[in-house]
Amino acid sequence: MEKIREKYDKHVVASSYLVLAPQIIGLIVFSIYPVFWVIRYSVYHYDGITASFAGLENFIRIFTRDSGYWMSILNTFIIAYGKLIIEIPLSLMAAMLLSKKVLKCKKLFSVGFYMPNVLGIAVSAMIFTFLFSSFNGIINNFLIFAGIIKEPHNWFSDKWSAMTVICTHSIWVGFSTNMLFFMAGFQNIPDDLYEAAEIDGASKIKQFFKITIPMIAPTLRIILMLAMVNGMKMTNNVLLLTNGGPAGKTNVVMLYIYKAFFETGAKAQYGYASAMGVVTSVIVAIVTLAYLRISKKSANVY
Amino acid sequence: MKKVLAILVTAAICISFSGCSSKKGAESNRMATVRVWSGSGATKEAMTKIIDEYNNTQGKENGIKIEYSVFTSDYNTTLDTSAQNEQLPEIMKVPGAETKEKYAKNKYVVPIADMPGGSEFLEKYGEKAIEGIEMFDGKTYVVNTEVTTIGLVYNKDLFKAAGITDENGEALAPKTWEEVREDAKKITESGKSVYGISFPMKDYGLVAQWMIEMPMQATFGMDYTKIDYNDLTYDYSKWEYAFDFINGIKQDKSYFPGAESLDNDTSRAQFAKGRIGMFIGASWDVGVLTTQFAADCDWAVAPVPVAAGKERVLQPVGLSSGYCISNNALKTDKEKVMEVYKFLHSDDLQALLYEKQLSIPKRVQVVQNAKIEQMLPQWEMFGSFVPNEINRRAVPTLKLEGDTYADVLMKVWVGDLSSKEAVEQLNKTYNNALKKGVEDKSVDVNVYK
Amino acid sequence: MKQAKRINFHDIVTYIFLIVLFLVVVFPVAYAFISSFKNTSEILAGTNFIPENWLWKNYTEAWKIAQFGIYTWNSVYYSFFCVLFALISSALSGYVFSRGKFPGKNIVFGMQTGMMFIVLGTSSLYPQLQILKWLHLNTNLWGIILMQFFCGSITNIFLVRGFCDSLPKEMDEAAKIDGCSFLGTFIKVILPLLKPVMATIGILSFQGAWNDYLLPMIVTLGNPSQRTLPVGLVALKGSSDAAAAWNLILAGAMISAIPMLIVYIFCNRYFIKGLTAGAVKG
């Protein structure tokens, strides 16, 4: 034990904790306390007026009687993970192309790709409902014009069309953010690696796979993880786009919980909503940790 | 550069701190500030003017300043968080019986009788307060003054174009739901890009309550959703009629397309552009269709339809949220708060709002006494729907495990449930919730019997 | 000759790809921009893309009704401080987690990461408000600004840490030999190299703070003059009895977009490779 303790430089430890002190305080007060609050409420029935101890009843209800919840979990996974298939390669490509020295009009493209972030989720979701509208919506008009469909398609009347709309909007917004992350990550790759490869006669594609991907692997790993976790937290965009879809079919988990929290026409069920929050967090944690473990191999390359 | 930055930062801090200190200045002089909150966007402009006038005349004399704020979106969340934060204003509109119950039981709001002059006030306005709607545990917390009436809003031009007219060639509004279905079909077939009827299913909660439940009560009475407090059962069987009607409309494809993503605003905007034959509207639509979306078409209002072969039993009316007094009012000048409260409920104010075509007073006398010179015929029509006796009943709010009736309506619309299945499911869900509610004592059936 | 031809084809494909992507990405925003000149009826139910009348008054009305002058100023200083705190705390914390050796490091980092998984959403609103109330911070914007200081976003810390991890450790050693302390190394050696990451964090935290709705709304309920821009914007949405003023909302959104664009363009130069080339050589 003594040997290990010697390794710690007192000065370093002191400065580190000094720096981290506000963070740790903030963590305990603003993050950990709410967690306990929510866990506490999850074992009660609370409707805003009276609270009665429920034990594990809320949890039992989630696991045995609430199919809507599990449907929303499934939807959340489908959307959050499915969209990454398009979103990540797209933003990676864009970031890479914009990082090349010789590209013209870089600034214009760069600003253009930032646009989705500028509107905000609420306004952009409403714009998308206009675009995908059945009556005279631009998307429908375009598809009819291109001869792909004959009649306007009702994007919101069945589950998979509605999911497509949600994914499209989500990709549109996420592309913008992830491109920023990737561009920052690319700053790190020294140019001489590319130059050396060029001299050695490697094609651009080979350069991409042998230099870019490995160099960006740690950043990529983090970006993917963030994208997955943030995808699971989607609420407002789905609320505004489909309001849970035709009859609750595109409900995502956080929206479902939000509705239990703020339901009108029936009593609010804070205890139950808290219990759902707890279960959801556990699920997200398990999945993300599994992901981190699996992807650990690709992390340390340089 | 660094110095400039430092100066800027300091300046920013100083200027922004100056915004912090504006809190309690008002109470130091003898002017009492009474804050009033409302969620009504339609009356915002008019009320602001009225309040300003009050502040400059009676307010100045009596040492009262009213601060009127309108929160048009997320009003419920705003109220809830203020309640938790103990930042409720002195007087505020509280929507929904369940919210009022919650606030009453948590003591966020005070019974009117506890305020000076409260009992006299109740004698005048508080007649027929019902436990569960205005009274909780025997104490009255709110007195409703405004109502919203519903009616069938229809586009006369489209009716004429489809040939649905009476002997004089005037558009003939449907009187029964069966006629509604027929007329909707005719209108849809009569032209391109026109549709008979519109249901904004994105706002399916609104549709379920205002376009289905309330209109159906005109035919079937307040017991449209029958609740038996002895057996502890709900009976949604009469809803089968409404579900069949909806399915009929869907079958005919006579509804404005994209209903699942159509919200009420867009629906009314489309009506204003003359593409929709009719919809079940409410008195608030007059303002929307005249000032906000100036209608291109000639439109009118008719009474809500009834089921074929049945008589109209009552005029359904929605009670607007009323003003409650928060417990914060007890910490300030109670008499002045009561003054403002009385002012807000005065017949004069209600008459003024009615004449400006912004809200309909509950008391029929006020409606009848109002000056009707420049009134729009549509508004007059809605005003005429105010009954002498307002029919209402308190219903328990339940902890539901499953779909509310609005969710079920949506499922019927989408085709997931047939009419019979929907009724069965509703009965089952609500029965369970009622029984559970009585078991764990969150519902007291004696209140509702 | 062969080389040049191949590059040309490659470049053409690249440009086409970028142009198509650009059009697709920008189109909804352009749509919003053009719609902000229409009246609400046209926005919701109109059939033409170009407005019939260009209603510039949407902008002046939005500015006046929503008192956007005041709200904008509030948003400016709110965002400014949030960004400042975000930059400072994430840079220092990321560095410490990457380079620092201290007992309990993994525990603290693990807890921070763990918090990210906790998807409580609105459930966590009430307890946070409780705490703010208890600390008497719940009545104006400074309360939540202070909260930002204590709650660095874990995403930002991750980014800085990841970035620092990829910086060669030899630089640290060199600085140490030169007599720099732990934090001194940070200021003199690492910080200048963090520019791209700082720029990213700057943009994202500005965006987040500028668009932050929920907490500023709740905290300024009693204090309308302290509201920020998004709170003012959302207030334009309709209530149950009046339709939403979409023309004003869109105009307001466009006004709100301008500062974000300004910040982005300013930070952009730290991204475009070619200007910072050679920063990390050897």
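Reply: Let us begin with the handedness of a helix pair. In this predicted model, H2(A) and H4(C) cross in a left-handed sense.

Me: At what angle do H2(A) and H4(C) pack, and how far apart are their axes?

Reply: The angle is about 130°, and the axes of H2(A) and H4(C) are 9 Å apart. Angles over 145 degrees count as roughly antiparallel, and those from 65 to 115 as roughly perpendicular. The pair H2(A) and H4(C) is therefore described as oblique.

Me: Which residues make the contact between H2(A) and H4(C)?

Reply: H2(A) contributes A:Ser16, A:Val19, A:Leu20, A:Pro22 and A:Gln23, while H4(C) contributes C:Ser89, C:Leu92, C:Ser93 and C:Val96. Sorted by class, this contact of H2(A) with H4(C) holds 5 nonpolar and 4 polar residues, with no charged residues.

Me: How many residues does each chain give to the contact of chain A with chain C?

Reply: A contact between chains is read from each side in turn. Here 82 residues come from chain A and 75 residues from chain C. On the side of chain A that touches chain C, the most is given by helix H2 (residues 10–42) of chain A, with 22 residues. That side of chain A comprises 52 nonpolar, 22 polar and 8 charged residues.

Me: What is the angle between H5(A) and H14(C)?

Reply: Helix H5 (residues 106–119) of chain A packs at about 140° on helix H14 (residues 246–268) of chain C, and their axes are 10 Å apart. This angle makes H5(A) oblique to H14(C). The crossing of H5(A) and H14(C) is right-handed.

Me: Which residues of H5(A) and H14(C) meet?

Reply: From H5(A) there are A:Lys107, A:Ser110, A:Val111, A:Tyr114, A:Val118 and A:Leu119; they meet C:Ala253, C:Ala257, C:Met260, C:Leu261, C:Tyr264, C:Ile265 and C:Asn268 of H14(C). By class, the contact of H5(A) with H14(C) has 10 nonpolar, 2 polar and 1 charged residues.

Me: How many residues do chain C and chain B each bring to their contact?

Reply: Chain C brings 26 residues and chain B brings 32 residues. Helix H2 (40–45), helix H4 (68–99) and helix H6 (125–134) of chain C each supply at least two residues of the side that touches chain B. The largest share of that side of chain C is from H2(C), with 4 residues. In terms of class, the side of chain C that touches chain B has 14 nonpolar, 9 polar and 3 charged residues.

Me: How many bridges join E1 to E3 in chain B?

Reply: Strand E1 (residues 32–38) and strand E3 (residues 91–94) of chain B run parallel and are joined by 2 bridges. B:Trp37 has B:Met92 in E3(B) as its bridge partner.

Me: How do H16(B) and H17(B) cross: right-handed or left-handed?

Reply: The crossing of H16(B) and H17(B) is right-handed. The axes of helix H16 (residues 405–414) and helix H17 (residues 419–439) of chain B come within 10 Å and cross at roughly 160°. H16(B) and H17(B) are therefore roughly antiparallel.

Me: Finally, into which domains is chain B divided?

Reply: The assignment for chain B gives domain 1 (29–143 + 321–358) and domain 2 (148–318). The C-alpha centres of these two domains of chain B lie 33 Å apart. For chain C, the assignment gives domain 1 (4–35) and domain 2 (67–268), with C-alpha centres 32 Å apart.

How values were computed
Residues are numbered from 1 along each chain as its sequence is written. Chains are lettered from A and ligands numbered from 1 in the order in which they are written. This is a predicted model: local features need pLDDT of at least 70, side-chain atom pairs count only at pLDDT 80 or more; totals for chains, interfaces and linings use all residues. Domain bounds come from an automatic or database domain assignment. Two residues are in contact if their C-beta atoms, placed from the backbone, lie within 7 Å. Ala, Val, Leu, Ile, Met, Phe, Trp, Tyr, Cys and Pro count as nonpolar, Asp, Glu, Lys and Arg as charged, and the others, Gly among them, as polar. Two strands pair if DSSP finds at least two bridges between them. Axes are lines fitted to C-alpha atoms, for helices over the stretch in contact, and angles run from 0 to 180 degrees between N-to-C directions. Angles under 35 degrees count as roughly parallel, over 145 as roughly antiparallel, 65 to 115 as roughly perpendicular and the rest as oblique. A crossing is left-handed if the near helix is turned anticlockwise from the far one by less than a right angle, and right-handed if clockwise.
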